[in-house]
Amino acid sequence: LKDLGRARLEIYLQAATPVALAVGEQTGANPSLTALIVLVTGVLGVITAPTIFKLLKLKDPQAQGITLGLSAHIIGSAYALDQAKTQHQANAQAPGN
């Protein structure tokens with residue numbers, strides 16, 4: 001289980017971080033801070049998603065999957081895969097994934 005978490009983190013960093021670093025380079029952002037923000041955004045998206053879905057009464061797995069894909073990137077995709085196959089399939093349709 002520990003190796004699975006590490007693998008997901010490595011996939012996430014390989015997918016989202018290069019894009020953020022390229023944008024950060026053009027805007028003069030600190031590369032280390034940019035990578036950290038990308039990682040924190042994904043983790044916070046997954047941590048807060050269940051609560052936000054309850055508050056918004058968002059019960060449709062497809063809507064949840066798309067929301068996770070847009071806000072939490074690859075970490076959201078991994079979470080959606082763990083939650084439900086339908087949610088993950090909708091997540092894969094979100095732009096940027």
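Q: Which helix holds leucine 39?
A: Leucine 39 is found in helix 2; a helix here is a DSSP run of H or I with at least four residues, a strand is a run of E with at least two, and both are numbered from the N terminus. The model is predicted, so that local features need pLDDT of at least 70 and side-chain atom pairs count only at pLDDT 80 or more, while totals for chains, interfaces and linings use all residues. Residues are numbered from 1 along each chain as its sequence is written, and side-chain values use heavy atoms, leaving out hydrogens and water.

Q: Why is leucine 39 called partly exposed?
A: The relative accessible area of leucine 39 is 23%. Buried means under 20%, exposed over 50%, and partly exposed in between (1.4 Å probe, protein chains only). Leucine 39 is therefore partly exposed, because 23% falls between these limits.

Q: How far from leucine 39 is threonine 17, in sequence and in space?
A: The two residues are 22 residues apart in sequence, and their C-alpha atoms are 8.0 Å apart in space.

Q: Why is threonine 34 called buried?
A: Threonine 34 also lies in helix 2. Its relative accessibility is 13%, which is under 20%, and therefore threonine 34 counts as buried.

Q: Which residues is threonine 34 in contact with, leaving aside its neighbours within four places in sequence?
A: They are Ala20, Leu21 and Ala29, where contact means heavy atoms within 4.5 Å.

Q: What makes the approach of threonine 34 to asparagine 30 a polar contact?
A: The side chain of threonine 34 reaches the backbone oxygen of asparagine 30 at 2.8 Å. A polar contact is a pair of N or O atoms within 3.5 Å; within protein, one must be able to donate a hydrogen and the other to accept it, and residues adjacent in sequence count only if both atoms are side-chain atoms. The distance of 2.8 Å is within 3.5 Å, so the pair meets the distance limit.

Q: Which residues form a nonpolar patch on the surface together with leucine 33?
A: Leu36, Ile37, Val40, Val43, Leu44 and Ile47 form the patch with Leu33, and together they have about 610 Å² of accessible area.

Q: How do you know that lysine 57 is exposed?
A: Lysine 57 has its place in the loop between helix 2 and helix 3. Its relative accessibility is 68%, which is over 50%, and therefore lysine 57 counts as exposed. The phi of lysine 57 is near 55°, a positive value in a residue other than glycine.

Q: What makes glutamine 64 a buried residue?
A: Glutamine 64 has its place in helix 3 (residues 61–83). Its relative accessible area is 15%, which is under 20%, so glutamine 64 is buried. Its side chain reaches the backbone oxygen of leucine 58 at 2.7 Å. The C-alpha atoms of glutamine 64 and alanine 49 are separated by 8.4 Å, although these residues are 15 residues apart along the chain.

Q: Where in the chain is confidence lowest, and where is it highest?
A: Confidence is given by pLDDT, which runs from 0 to 100 for each residue. It is lowest in helix 4 (residues 85–92), at a mean of 59, and highest in helix 2 (residues 31–55), at 88. The chain averages a pLDDT of 76, and 68% of the residues score at least 70. Where pLDDT is low, the predicted coordinates should not be read in detail.

Note on methods: pLDDT is the predictor's confidence in each residue, from 0 to 100. Patches are made of residues with over 30% relative accessible area and no salt bridge: like charges are joined within 9 Å, nonpolar side chains (Val, Leu, Ile, Met, Phe, Trp, Tyr) within 5 Å. Accessible areas come from the Shrake-Rupley method with a 1.4 Å probe; for residues, only the protein chains shown count as cover. A salt bridge is a side-chain nitrogen of Lys or Arg within 4 Å of a carboxyl oxygen of Asp or Glu.
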